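Subject: Structure for you to look through

Hello,

I am passing on the structure we talked about, and below it I have written out what was found, so that you can follow each point on the model yourself. Please keep the sequence beside you as you read.

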Amino acid sequence: MSLMHTLPLLSVLTKYVLFIPDATRLLSKQSIQKLLNKATKHKGAILVSPLSRNKELECYRMNVSIREWSLKYNMVKSSYCDAINGKHVILSETECLRNLSNPFLLPFPTSLYIQTSILNIKVFIVNSGYFHEGKTILKTHHAQWKFKHIVQDRLKSLYNLFKIKLVMREGRTEWYGCNRETPKCFEEVLDSTPSYLYENKWTPPCCLANLRKTAKYVLDILDQFGIRYWLEAGSLLGAVRSGDILPWDHNVDIGFINDDSNRCKWLQIAQNRSIVDDKGFFWEKVKTGNLFRVYFSKYNKIFINLFPFFRKNNTMSRDLYHDSRRNMEFADNYLHPMSSIEFVGRNVPCPNNVRNFLEFKFGKGCIENPEYPDPKKLFSKYNNIHTNIKY
Ligand code: ZN
């Protein structure tokens, strides 16, 4: 196959390209010329025209957030926006198409509008009445059903290609990321630095949502069995900042009194062997770090860390230290009395004097200027990534 065939845009020698749906009828020979005349008044924009005067097109503002792996559509009462819904023709300057990575990608024109909105190319509706809808080519229910499924499969591939995990449209959410039966969306975390941080992205929204579900479940279990626990490290920092998991975090950290572990049957079992509990969560003891982990499932291994602490000479300590500051020992008066803080939609126990506690673990000013897990590593590898995060 020649390059001409793989890149059809190379064969286009005209200034404009007109895309028309199957079976479209032109009202008159001058229809295209009239649309072209309008195009000269809207340089740099894409012109669209409905296939019927009676059918209004839906105009959407689109927000593609690469960092948050998401796509948001908001309908607007305007003729000027980022994406169109409804049957329509599209007139685009060929030059505009040349700036896109794949202008003819299916499903069209969804793929076109995602790419143009990233480049801030606007769409302008012209209610011309120049074009009409012809007879449908999908006559049977079966053909229409089949086509609908083909489009859905193409949408999945498209979002996969563009690394979009969450689509929000008029209050509806569509997920294209991981679930309980699939692995989480990022690989094993090495040196506390998940791979998405190297791409200057935050935690995929599906993974965050699953982490929240697991956290709520684990907090319920700890309450149910009367375990004395508190929010730790990055999770406590997230709670102080926004009442939630930090948007770039990949797990949740909870400390608990080691003496209480026998009260919880799942912790008791996990002392000796890993187990899937009756709600499908996977419990295991990490021997090397002397901690427990609760995973969303056996396949989707997004997890909650449960760090056992011992009280020794007015100090809360762990019998095996990680190399990380977040697991270091601390004075036990931070837990007398225990305080509480909002986290993942509920009130969760936490150390008192939270600011001092966090600054002891992460350094002065960590609440206002939190850092990614290991900023030096990210900075030396990819110099363009700013590792001090400002909202
Ligand atoms: Zn995910």
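The largest nonpolar core in this model, which is a predicted one, has 61 residues, and those with the most contacts inside it are Leu231, Ile254, Trp283 and Leu306. Helix α7, which runs over residues 205-224, supplies the largest share of this core, namely 10 residues.

On the surface, Ile66, Ile118 and Leu119 form a nonpolar patch, and together they have about 280 Å² of accessible area. Isoleucine 118 belongs to helix α4, which covers residues 110-118.

An unreviewed UniProt entry carries the annotation "domain: LicD/FKTN/FKRP nucleotidyltransferase" for residues 226-263. Over residues 226-263 the chain is 26% helix and 26% strand, and the C-alpha atoms at the ends are 7 Å apart.

Now to the charged side chains, where the count comes to 16 salt bridges. In one of them, the side chains of aspartate 260 and arginine 228 meet at 2.8 Å, N to O. Aspartate 260 lies in the loop between β14 and α9, while arginine 228 lies in the loop between α7 and β13, so this pair ties together parts that are 32 residues apart in sequence.

Arginine 98 is partly exposed at 44% relative accessible area, and glutamate 95 is partly exposed at 45%.

In helix α10, glutamate 359 and arginine 355 are four residues apart, which means that about one helical turn separates them, and their side chains meet in a salt bridge of 3.2 Å, N to O. Glutamate 359 counts as buried at 15% relative accessibility, while arginine 355 counts as partly exposed at 36%. Salt bridges with shared partners join Arg355, Glu359, Lys364 and Glu368 into one network.

Best wishes

Notes: Residues numbered from 1 in each chain as written. Predicted model: local features only at pLDDT ≥ 70, side-chain atom pairs only at ≥ 80, totals over all residues. Heavy atoms only, no water. Core = buried A, V, L, I, M, F, W, Y, C linked by side-chain atoms within 4.5 Å. Buried < 20%, exposed > 50% of the residue type's maximum accessible area, 1.4 Å probe, protein only. Helix = DSSP H or I, 4+ residues; strand = E, 2+ residues; numbered from the N terminus. Patch = residues over 30% accessible without salt bridge, like charges linked within 9 Å, V, L, I, M, F, W, Y side chains within 5 Å. Areas by Shrake-Rupley, 256 points an atom, 1.4 Å probe, with all protein chains shown as cover. Salt bridge = Lys/Arg side-chain N within 4 Å of Asp/Glu carboxyl O. UniProt positions renumbered as here; feature names shortened; annotations may be inferred.
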